[in-house]
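Q: Could you take me through how to read a few features of a protein model, giving the general idea before the particular case?

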Amino acid sequence: MIIKVTVQARSSNEKIEEMGIDEYKVWVTSPPTEGQANDDTIALLSDYFNVAPSLIRIKSGNKSSHKLVEIDI
């Protein structure tokens, strides 16, 4: 499954909100440096979809707030 994810780094809390079909907004508390926000995004998506973090990959947008994420279910 491939989803669109918009990430808001440096948020005051961490959460996920479904914005539409296969489209989500993710808030993480970590800064977008050295991949910290990406790692936290994968961890949150892992909990949300109840899959192992190793089954989630960022296909595009590693350095952008708009990402395409692939989840092996």
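This is a predicted model: local features need pLDDT of at least 70, side-chain atom pairs count only at pLDDT 80 or more; totals for chains, interfaces and linings use all residues.

Q: What is the phi of E34?

A: As a general idea, most residues other than glycine have a negative phi. In this structure, phi of E34 is near 55 degrees, which is a positive value in a residue other than glycine.

Q: Is E34 buried or exposed?

A: E34 counts as exposed because its relative accessibility is 75%, and the cut-off for that term is over 50%.

Q: Which loop holds R10, and what is the phi of R10?

A: R10 sits in the loop that runs between strand 1 and strand 2 (15–20), and although R10 is not a glycine, its phi is positive, at about 60 degrees. With a relative accessibility of 59%, R10 too counts as exposed.

Q: Which residues of the largest nonpolar core touch the most other members?

A: In soluble globular proteins, nonpolar side chains tend to be buried together. Here the largest nonpolar core has 18 residues, and those that touch the most other members are I3, L45 and V69. Two or more residues of this core come from each of strand 1 (2–8), strand 3 (23–27), helix 1 (36–49), strand 4 (56–60) and strand 5 (66–71), with helix 1 giving the most, five residues.

Q: Which residues is V69 in contact with, leaving aside its neighbours within four places in sequence?

A: On that basis V69 is in contact with M1, I2, I3, V5, L45, I56, R57, I58 and K59.

Methods. Residues are numbered from 1 along each chain as its sequence is written. Side-chain values use heavy atoms; hydrogens and water are left out. A nonpolar core is a set of buried Ala, Val, Leu, Ile, Met, Phe, Trp, Tyr and Cys residues joined through side-chain atoms within 4.5 Å. Buried means under 20% relative accessible area, exposed over 50%, partly exposed in between (1.4 Å probe, protein chains only). Helices (H or I, at least four residues) and strands (E, at least two) are DSSP runs, numbered from the N terminus. Contact means heavy atoms within 4.5 Å.
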